[in-house]
Amino acid sequence: MIQYSRPDGQIVNAYLAEPANPSNAPAIVVIQEWWGLNEQIKGVADQLAKAGYRALVPDLYRGKLALEAHEAEHLMQGLNFGDAAGQDIRGAVQYLKKMGSPKVAVTGFCMGGALTVLSACNVPELDATVVWYGYPPLEFVNPKAITKPMLAHWALHDDAFAISGVDQLESMLNDAGVPIEFYRYDAKHAFANEEADARNLPYLKYHGEAATLAWERTMSFLKAQLSA
């Protein structure tokens, strides 16, 4: 765990995973699902570090974790999304660039996916985004503010984020000329989270085949966008 400063000077705790060769390594800010900064999202950062990236997971809930859906919903509803994107996540991107990472991407899952879309609008220092099955209310998305490439993975059978909203978002971004790659998978929400089934929630389902394909596409995208 490390600490970094937001643009407004507030301090944020975060989990940092370093690659074997951290010197000048590109970096990725990883945004949690609504459960919080748990071991599963730390594992995503570790996986990115093994792939050669410096990965940083901000603690958006300030130390709180949710084990049940009603707890997660309560924590998510208490989160100021604009503040999280414009301060916590922007500060994380700035911190990684100060550490020597020439390029920094933002990726997030579920709630973190929605925050990744907002970050694309509100964090001018980022170099790319990878969205996993989550988007904010579309009235908060300013396509004209998004100038960097976006890769996004969506679930066709998502009861948390309707695919119709994905279609609208894709149309908005295409009309604005944003460089995007949207992929849709025959899966349910959280299909890339290996712990999804253990939550015993009907709208969550891990899908290994879709997860593997999405990860491969993510690795290719990141290599193309973050190579110096």
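**Notes on the predicted model**

1. Cysteines first. The sulfur of cysteine 110 sits 18 Å from the closest cysteine sulfur, the one in cysteine 121, so that gap is too far for a bond. Cysteine 121 is likewise in no disulfide, with the sulfur of cysteine 110 as its nearest cysteine sulfur. The cut-off for a disulfide is 2.5 Å between sulfurs, and by that rule the count comes to zero. Keep in mind that this is a predicted model.

2. Are these two cysteines buried or exposed? Cysteine 110 has 7% relative accessibility, so it counts as buried. Cysteine 121 comes out at 15% and therefore counts as buried too.

3. Now the overall layout. The protein has six helices and eight strands. Reading from the N terminus, the order is β-β-β-α-β-α-α-β-α-β-β-α-β-α. The radius of gyration is 16 Å, close to the 17 Å from the globule rule for 228 residues, so the protein is as compact as a globular protein of that length. The C-alpha trace spans about 40 × 40 × 30 Å along the principal axes.

4. If you look at contacts with a separation of 6 or more, 69% of them come from residues 24 or more positions apart.

5. The largest nonpolar core has 85 residues. Which of them touch the most other members? Those are Val29, Val30, Leu48, Leu115, Phe182, Phe191 and Leu222. Helix H6, residues 208–226, gives the most to this core, with eight residues.

6. Setting aside neighbours within four places in sequence, valine 30 is in contact with Ile41, Val44, Leu48, Ala55, Leu56, Val57, Pro58, Thr107 and Phe109. Leu48 in that list is also one of the core residues that touch the most other members.

7. What does it touch, not counting residues up to four places away in sequence? The partners of glutamine 32 are Leu37, Ile41, Pro58, Asp59, Leu60, Tyr61, Phe109, Met111 and Gly112. Ile41, Pro58 and Phe109 also turn up among the contacts of valine 30.

8. E1 (residues 2–5) and E2 pair in the antiparallel sense over four bridges, with isoleucine 2 opposite alanine 14 in E2. Their hairpin has five residues between the strands, and glycine 9 there takes a positive phi near 95°.

9. E2 also pairs with strand E4 (residues 54–58), again antiparallel and over four bridges. Here alanine 17 stands opposite alanine 55 in E4. E2, residues 11–17, is mostly covered, as five of its seven residues are buried. In a regular strand the side chains alternate between the two faces of the sheet.

10. Last, a parallel pair. Strands E7 (residues 150–157) and E8 (residues 180–188) run parallel and are joined by seven bridges. Leucine 151 stands opposite glutamate 181 in E8. Together with helix H5 (residues 163–175), E7 and E8 make a right-handed β-α-β unit. Phe182, listed among the core residues that touch the most other members, falls within the residue range of E8.

Methods:
Residues numbered from 1 in each chain as written. Predicted model: local features only at pLDDT ≥ 70, side-chain atom pairs only at ≥ 80, totals over all residues. Heavy atoms only, no water. Contact = heavy atoms within 4.5 Å. Buried < 20%, exposed > 50% of the residue type's maximum accessible area, 1.4 Å probe, protein only. Core = buried A, V, L, I, M, F, W, Y, C linked by side-chain atoms within 4.5 Å. Helix = DSSP H or I, 4+ residues; strand = E, 2+ residues; numbered from the N terminus. Pairing = 2+ DSSP bridges. Right-handed = clockwise from strand over helix to strand, strands pointing away. Rg over C-alpha atoms; globule rule 2.2 N^0.38 Å.
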